[in-house]
Amino acid sequence: MTDRLYDPDAAPPRYPDPDIVVLDQRFARLKIGNTAIQRLWTGALWAEGPAWSGVGRYLVWSDIPNNHQLRWFEDGGDVGVFRKPSGNSNGNTFDSQGRQLSCEHLNRRVVRYEHDGSLTVIADAYQGKRLNSPNDLVTHPDGSVWFTDPTYGTAGVGGYEGDYGELFLKPAVYRADPTTGELEKVTDEPDGPNGLCFTPDYRQLYVIDTGKPRDIKIFDVLDGHRLANPRQFTDMRVNGVSVGPDGMRVDIDGNVWAAAGWAGPGYDGVLVFAPDGTQIGQILLPEACANVCFGGPKRNRLFMTASQSLYAVYVNTRGAHVA
C-alpha cells in the first residue's frame with residue numbers, strides 16, 4: 001500500500017497503481033493506467049499551499065511552522081528554500097500576470113510579490129480591524145483576489161503557525177477589488193472557511209468549511225462579486241467516516257479534487273468529486289493531505305502537499321485555472 005512511498009528501496013507498484021482508486025466510472029477516464037504516485041520530497045513540518053508557476057516552471061509551497069516557502073524545479077527536481085522568512089505563509093497562487101500571491105498567518109495579511117521584487121499588501125484589515133489569519137486564496141479574471149480568513153494562525157495553533165493574538169473579526173471570505181483595493185466581505189456563513197476555488201466558468205465558488213460541520217459548500221457568484229444560494233456540495237463522509245477537507249482545485253470538466261486528512265489509512269489523500277457532488281475517486285497517501293494544485297507544462301500533473309512531504313501524480317485531465 002502507500003507505505004512504499006516512504007521506502008526508496010521498496011519495489012515499485014505494479015500498474016495500475018492500487019492507491020489510485022476508481023469509485024465511479026467517471027473517474028476511470030481521469031486515471032492513467034501506466035503512472036504512479038511519486039513522493040518528490042520530504043522534510044517539512046506542515047506543508048501547505050502548492051502553486052504552479054507556468055513562467056518559472058516550478059512549484060512553490062509553504063512550510064508554515066518553519067516560516068519559509070520551498071520551490072521544486074521541474075527541470076532536475078531540485079528543491080530549495082525560496083523565501084525565508086515567509087510570514088508563516090499558508091496558501092499561495094499566481095495571477096494572470098505571473099505574480100505570486102500569498103496568505104501570511106504571522107502578519108495577518110494577503111500579499112503580492114511584484115516582478116521587480118517589491119511587495120504589495122492586498123489586504124490586512126477589514127473596516128479598520130485586523131484580519132485573523134488569511135488561509136487560502138484564488139484570483140478572478142477581473143483581477144480581484146478572493147481569500148478565506150479563519151482563526152487557525154492566531155487562536156488555533158498561533159504559536160506554531162503564526163502568533164497568538166486577539167481576534168477582531170468573525171471568520172469570513174473576502175474579495176479585494178482590483179481597482180479600488182476595497183475589501184468586501186462576501187460571506188461569513190462557513191464556520192471555519194479554509195480552501196476555496198471557482199468552477200471552471202467562475203459562476204460558482206466552492207468553500208471548504210473546516211469548522212462545524214466539516215464539509216464543502218458551494219455558492220452562486222452574482223455580478224462577479226456577490227455570493228448567493230449557499231448549499232452543501234459534499235459532507236466529506238466516506239463509508240460513514242468523516243474525512244477532513246482542507247484545500248482543493250477543479251479540473252476543466254468541473255471535477256473537484258479535494259485534499260483529505262485526519263481520518264487515517266484508506267481515507268487520507270485526495271477525494272475526487274464529480275460536479276454533481278458524487279465521490280468518484282480517491283488518491284491514497286500515507287499522510288494527511290493539506291492542499292493540491294495542477295501544474296506542469298500541460299497542467300496535467302496533480303501536486304499534493306501532505307503533512308511533511310510533496311507528492312505528485314499525472315492525471316488524464318487538466319487544471320481549470322492558472323494555479
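Is Pro297 buried or exposed, by relative accessibility? Pro297 counts as exposed, at 59% relative accessibility; the cut-offs are under 20% relative accessible area for buried, over 50% for exposed and partly exposed in between, with a 1.4 Å probe and protein chains only.

1. Basis. This is a predicted model, in which local features need pLDDT of at least 70, side-chain atom pairs count only at pLDDT 80 or more, and totals for chains, interfaces and linings use all residues. Residues are numbered from 1 along each chain as its sequence is written, and side-chain values use heavy atoms, with hydrogens and water left out.

2. Secondary structure. The protein contains 29 strands and three helices. Both are DSSP runs numbered from the N terminus: helices are H or I with at least four residues, strands are E with at least two.

3. Overall dimensions. The radius of gyration, taken over C-alpha atoms, is compared with a globule rule of 2.2 Å times the number of residues to the power 0.38. For 323 residues a compact globule would have a value near 20 Å, and the 18 Å of the protein agrees with this. The C-alpha trace spans about 55 × 40 × 35 Å along its principal axes.

4. Of the 323 residues, 56% are buried. Contact means heavy atoms within 4.5 Å. Among contacts with a separation of 6 or more, 47% join residues 24 or more positions apart.

5. Surface and charge. The protein exposes about 13,000 Å², of which carbon and sulfur atoms supply 47%; the areas come from the Shrake-Rupley method with a 1.4 Å probe, and for residues only the protein chains shown count as cover. There are 31 positive and 40 negative charges, and their mean positions are 2 Å apart. Lys and Arg count as positive, Asp and Glu as negative, while His and the chain ends are not counted. Each charge is placed at NZ of Lys, CZ of Arg, CG of Asp or CD of Glu.

6. Cysteines. A disulfide is a pair of cysteine sulfur atoms within 2.5 Å, and the count by this rule is zero. For Cys197 the closest cysteine sulfur is in Cys293, 12 Å away and so too far for a bond. Cys289 also has Cys293 as its closest, at 11 Å, again too far. Cys197 is buried at 3% relative accessible area, and Cys289 is buried at 3%.

7. Pro297. Pro297 lies in the loop between β27 (291–295) and β28 (301–306). Apart from neighbours within four places in sequence, Pro297 contacts Trp52, Arg57 and Glu74. Its C-alpha atom is 25 Å from that of Asp246, 51 residues apart along the chain.
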